[in-house]
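Please report on the helix packing and charge pairs of the model shown here. Keep it brief.

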Amino acid sequence: MSLQEKVMTEMKAAMKAKNTVALESLRAIKSAILLAQTDKGAGGTLSEEDEVKLVQKLVKQRKDSATIFAEQGRADLAEPELAQVAIIEKFLPEQLTEEEIEKVVVQTIDDIGASGMKDMGKVMGIVSKELAGQADGKTISTMVKSKLSN
């Protein structure tokens, strides 16, 4: 079942349950899918990898918004954003723990013989590809920096 089909199924359930937060989140996913499909060069279809990136982008946008709202003391605006994050994250593959990410980072550093911050780009490229959809880029970056600076 494609992401679009899953979203449509969930939207029907949210409408029946009159769950406005879920409905708003699911409509955002649907809208992003339709925009991506109609982009030039997309050919009307999205690969599974593209779908994961799209959902990750939506999650990141909402987390960033919630952080900004929280910093400004606007919990009333931050809470709905975080509620949407919880719903949108259901469409992502299971996320890895920090320990699992650390193992991959350390293994990659050992494999390519990285020594220092000058090799960060190489390590990030390999690790990001390997963990695509399973880990946040910011988490990976922080982990790589800490391991290369030691």
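The side chains of D119 and K122 meet in a salt bridge, at 3.8 Å from N to O. A salt bridge here is a side-chain nitrogen of Lys or Arg within 4 Å of a carboxyl oxygen of Asp or Glu. Salt bridges with shared partners join K118, D119 and K122 into one network. D119 is buried, with a relative accessible area of 9%. K122, by contrast, counts as exposed at 54% relative accessibility. The cut-offs are under 20% relative accessible area for buried and over 50% for exposed, with partly exposed in between (1.4 Å probe, protein chains only).

The model is predicted: local features need pLDDT of at least 70, side-chain atom pairs count only at pLDDT 80 or more, and totals for chains, interfaces and linings use all residues. Residues are numbered from 1 along each chain as its sequence is written, and side-chain values use heavy atoms, with hydrogens and water left out.

The structure holds seven salt bridges. Side chains of opposite charge can pair when their charged atoms come close.

| Pair | Closest N to O |
|---|---|
| K60 and D64 | 2.9 Å |
| K63 and E89 | 3.4 Å |

K60 and D64 both lie in helix α3, four residues apart, or about one turn of the helix. Helices are DSSP runs (H or I, at least four residues), and strands likewise (E, at least two), numbered from the N terminus. K60 is partly exposed, with a relative accessible area of 47%. D64 is partly exposed too, at 36% relative accessibility.

The pair of K63 and E89 is a salt bridge with its closest N and O atoms 3.4 Å apart. K63 lies in helix α3 and E89 in the loop between α4 (75–88) and α5 (98–112), so the pair ties together parts that are 26 residues apart in sequence. K63 counts as partly exposed at 39% relative accessibility. E89 is partly exposed, with a relative accessible area of 33%.

Now the first helix. Helix α1 covers residues 3–17, which makes 15 residues. From first C-alpha to last, α1 reaches 21 Å, close to the 21 Å expected at 1.5 Å a residue. The expected span is 1.5 Å times one less than the number of residues.

Which residues of α1 are buried? They are L3, V7, M11 and A14. They cover an arc of only 75° around the axis, which puts them on the same side of α1. The arc is that of the directions from the helix axis to the C-beta atoms. An α-helix has 3.6 residues a turn, so residues three or four places apart point the same way. The buried residues of α1 pack against α2 (20–38) and α3 (48–71). Exposed residues K12 and K16 sit on the face of α1 turned away from its buried side.

K18 follows α1 and is found in the loop between α1 and α2. Its phi is near 55°, a positive value in a residue other than glycine. K18 counts as exposed, at 71% relative accessibility.

R27 has its place in helix α2. Leaving aside neighbours within four places in sequence, R27 is in contact with M11 and M15. Contact means heavy atoms within 4.5 Å. At 45% relative accessibility, R27 counts as partly exposed. R27 and A83 are 56 residues apart in sequence and 14 Å apart in space, C-alpha to C-alpha.
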